[in-house]
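Please keep the sequence and the structure in view while reading the points below.

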Amino acid sequence: MTSTPRRPGRKSTSFFNTPLSSSKRLSTSFAKSPYTPGVLSFSSQSVNSSLLGETPDHVVEGFGNIVPVFVSDALVSAEPGTEISAKISSAGWAWLVCGRKLLVWQYKNGARNRNCQELLLPPSDLAHRADLARVLLREGMAPAAIAVSPSGIVRYWPNVAHEGSSLDTVADLQGEECFSLTDAQPIGCILATTTSSLMLITPLTVDGQTTLHCKALHAQQGLLVGIGQRVSSFIFGAMPAQSSETRPLVKVLAEPQDDDDEKVIYVLVRNSLQKWLLEEAGKERLCSECDIDRPMKERFHAALWERENTLPSQLRAWCIDMQLTADGVMVLMAALNPQVSQQLHFALGVIDTRSPDSRSSDKPCNFESFSVLKFVEQYTERDEEKLLSYKFVLPSVKRKASYVYNSNKVFCIGASDASTDMDVIDFKHDRILGAGSYEGIPLFHSFMNGIVCVRSVHAPARDMSATPDILMQDLPPADPDSETIEEKRYAKLRSAFVLFCRSELLKSEAIIDEMFPSQPSSSYEGDAALDQSVANLSEKLIDDIPVSDPRWSQGAHAGTVAPSTMSVIIHHQLEDKLQAHKLLLNFLKGVELWNRLRTVTVRGTPMATRLLLKEHGEKLVAAMQLRSLQVQHATLVDSCIRRAIQHRTLMPTGKLTATDHFFQMVSGLDSIFPAFLEEEEEQLKQDCSPKEEFTLITTVNSIFVKVLQDACLFRDKERFAYDAEQETNVEYYPWTAFAADTLAKQHALTASNAVPLADDAPSRGQVFQQLTDLADLILHSYKVRLDSLSQNPVAYEALELKYQQDRSKLIAPLAKASQYERATALAEKYYDFGCLIEICEATNNQQRLQSYMTNFAEQDFPEFLFQWYLDKGHMEKLLQQPPSYHENLSRFLKGHDTLSWLHDIQTGDLSGAAKTLEHLGLEEEKHLSKKKTLLSLSKLALLASEEPLEVQNAKVESVNREHDLILYQETLPASLLEAYCMDPDDMRVLTPEEMIQMYISEDNFDANEYDFMKALELVDFLQTDSSHSEDLRLRIWCQAILRDQWEDLDTDNPIETMKSLLFFRVIELAFSQGADLQEFLPSLDDLKAARQLETLADNDSLKFLLRAGYEHIQRLIS
């Protein structure tokens, strides 16, 4: 049988359209369904194999014994319209009802009796169904069968092998139609009618005579269904009023119990759940009845229609199937909201009937979990019965993985979250006759293919030929007194692993539940018992000794407790270990331990347990490659292996060699790399020819590259196999990263010693490719570590800095040797943008540079290029960017005003350029001429812009004011500039206060009224508070007064005397320029009180002339 490879996406399968013959099983291969995108279907082919098809997460294959001839013949010969149904019991028996035929056979492998028994059902006007038949298995007795016709005729066969020895009776159902028959051994069978009546049917043998005892079951209050009633219960609480939306009986289940004296029965009727207790003494009791209609509608509404303007009570909802769980029941439900749409949604909910919270009578029944499924149907009243015909299989009561099905489809629901995407298996041109489970495996009876199983890809294959034989063997008994707690956990975990490999899933799950009971995810910590046990098991599997090799059976090597290989050939041993490793992954996922794994301590640091398992797989692959290379380079590899074994302080004994020991302990594979370097260095110290030196270095390079590349390819290829739902926020420090230092030394040795010895094109190509591969391996390890530190910015930045430094060192030898293509390949892969730019500049390849700007836009390559141009001083290249990158350049230049205005002018943004130039001019402090130029350019750009006229005028006035201030500095007296050692052609920008000080200082010894007038005008340019300006203005007037001698002045003619005084000449100049002297002059009182004039406080001439001058001025302006 061949099958097509698995394809990505959610898939489905379909079976072809002829029933099985007794001689061979027809199989299928994948074909893309034209009707359902993303769903796989099967097309029919006749190939000898049990594999029928596969999806990304599930495999469909034949199960158990070949379908008997009687069954095939009955299916082929059935009249059109004949109702055919089947049941599959968990005890290994199956039965099919076709017309009045009841066909019973054992389907499980290894069954002693493979004969199919054909039994005749009682006559009935209504069609018989498999739900109304049961095979009864009793200890020490032959298998019996019981069947009930829809009208209530009961037929019992004490031995299915004797079709003629049957017993009939009639159940008094008062005209009700029979619905289902449930096995409740050893008490009997529960017959349920469509109207929810229950009857206990018990086969009795008295004095060798077999009779059937039928007893109707009644509630203590005398009412069975209890509609509208409240039944107090220590399990469910009080029962609310029944919904007006009612359906007939849905399901009856009997809970398996060790106690044979009583049986717990669950009855799902309409949208309520009943719990009955049956005693062998013939007593029955309705313990509780719980209405789940209200909580069901509330959970549907909250999950789907909470944002809609509707109420839960407006929904239509149905319970359509039920299965037992470890602590209660799981219910399949459907609901629609007529106010919104006619889409019918489905959900699975778990009711914990043993929860302590549910034992209080004042708490309503509720769902422990509720998951809406990812498929819908379009509801119509006409198709209601068909739409509500979905059933489901729950293979393990302790797991939530379930399989919802109807007559032609199976929806595979994951164990972790039923609301996630699911695989869909489509039985196209076929139909499902019935379903069940065996040992935790879901089974379906297909019309075309008989009994098939839908197996998770993580579950063990039914065909054990791929499983290492040693994993199928029983474990040697251990001494319980000498075992530590950790050893006991390990032994239990491995026992569960072996049982899983044997497909004894329920036994395996029981051990897991005992040793590692489920806990809230928040309670898991690193190095927890589970993580440590899994890590130990995985390591022992890859480090196991080959027990079939007689050389290992002597001395300290005998008695291993974890054999994973039976081969004596090393390469085959490694292949067996890799197969065992993959089985371990499937085991951890199949028993739902995978997503519970957290961290273990590895090499002194925390590490995700699943990544440690990935490391073990990588080392196995690397070991196989190294073993293959050992054949080609035996002398060198053997010497290095001996060194590695010596470092382990291990001495081979007996017939065992260093190679045997090294490849036995795969976990220590990484010790070989330092050993290679030591061996290489030692040989290079000896006298060897250049050719020998080149050959040695390149051989070591080749071994390093091939071994580690295989490990990295496995890491990348199998990355999804090691993914988990919840990531662990710890650094992933892969084992290949610990070899990075060794690789870096080898890279440096190759660049310094081997490259100069490469004297021809093939040699140069070989050595430079090896340099490329070594650099790739080192940088790949960095990248893996950086990716794991995304949630730790401090550690990420520290490692990124070292990564960038090493990246440049590793790629530089290639670029220096003009190996541009190899250097480019590494730089592109690891985002060394500086190297890419330098190569493009060196080769003048502007086209490639532009492609990088597009391809690496999300990694901010354009901004990196702009900064590189800026740092290198290539301003012309920076500003010559294509129009498509003008926006990027504008954003980049926002912090670079000296260039941004040029870019603004280039792009036509004259207003922006004017604003930037004005800002630069105002900020300029070193060069007055530059300030003047910037402001002039700002003014020109502003006048050329499209700004409104009033805006232009306001901004021009502001710029003109700055030009006026510049003019004051430019007209400083030459003598003053010389006194301050200032170059008139290269002056720094002076502040208004600095110029005021220079104008009125003693250094300006030729100062006149014009200088002091400028000083007073400069006060208006000060951007300070008014009090400081007035103080400065008063100081200027005081300095003008102090410039003259006020002794021996002619006070007889004060007006003429004033003309020679600087103070009054300044006043006269201001008056001539139209100044308002009342505001321009300081008050006489301020002058008298000025601190600067304290030395003239007793000078009568000053007092007289000031008073006379102010009097003259007052009359002049009045």
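A residue is called buried when its relative accessible area is under 20%, exposed when that area is over 50%, and partly exposed in between, using a 1.4 Å probe and protein chains only. The model is predicted: local features need pLDDT of at least 70, side-chain atom pairs count only at pLDDT 80 or more, and totals for chains, interfaces and linings use all residues. Residues are numbered from 1 along each chain as its sequence is written, and side-chain values use heavy atoms, with hydrogens and water left out.

**The chain as a whole**

- The protein chain contains 35 helices and 33 strands; helices (H or I, at least four residues) and strands (E, at least two) are DSSP runs, numbered from the N terminus.
- Of its 1118 residues, 51% count as buried.
- Contact means heavy atoms within 4.5 Å. Among contacts between residues at least 6 apart in sequence, 59% join residues at least 24 apart.

**Helix H18**

- Helix H18 covers residues 833–843 and is mostly covered, with 8 of its 11 residues buried.
- The buried residues are Phe833, Gly834, Cys835, Leu836, Ile837, Ile839, Cys840 and Glu841.
- These buried residues pack against several helices, including H16 (793–816), H17 (820–829) and H19 (846–855).
- After H18 comes asparagine 844, which has a positive phi near 55°.

**Strands E29 and E30**

- Strand E29 (residues 432–438) is largely enclosed by the rest of the structure, because 7 of its 7 residues are buried.
- E29 runs antiparallel to strand E30 (residues 441–446), and 6 bridges join them; two strands pair if DSSP finds at least two bridges between them.
- Serine 437 has proline 442 in E30 as its bridge partner.
- The two strands, E29 and E30, form a hairpin with 2 residues between them, and glutamate 439 in the turn has a positive phi of about 50°.

**Histidine 345**

- Histidine 345 lies in strand E23 (residues 343–352).
- With a relative accessible area of 12%, histidine 345 is buried.
- Leaving aside neighbours within four places in sequence, the contacts of histidine 345 include Phe300, Trp305, Met333 and Val376.

**Two helix pairs**

- Two packed helices are described by the angle between their axes and the distance between the axes. Axes are lines fitted to C-alpha atoms, for helices over the stretch in contact, and angles run from 0 to 180 degrees between N-to-C directions.
- Angles under 35 degrees count as roughly parallel, over 145 as roughly antiparallel, 65 to 115 as roughly perpendicular and the rest as oblique.
- Helix H24 (residues 910–923) and helix H25 (residues 928–944) cross at roughly 160°, and their axes come within 8 Å; H24 and H25 are therefore roughly antiparallel to each other.
- The contact involves residues such as Leu910, Ala914 and Leu917 of H24, together with Leu934, Leu935 and Ala941 among those of H25.
- By class, the contact of H24 with H25 has 11 nonpolar, 2 polar and 2 charged residues. Here Ala, Val, Leu, Ile, Met, Phe, Trp, Tyr, Cys and Pro count as nonpolar, Asp, Glu, Lys and Arg as charged, and the others, Gly among them, as polar.
- Helix H26 (residues 949–970) packs with helix H28 (residues 992–1000) at an angle of about 30°, with the axes 11 Å apart; H26 and H28 are therefore roughly parallel to each other.
- In this second pair, Leu965, Tyr968 and Gln969 of H26 meet Pro992, Met995 and Tyr999 of H28.
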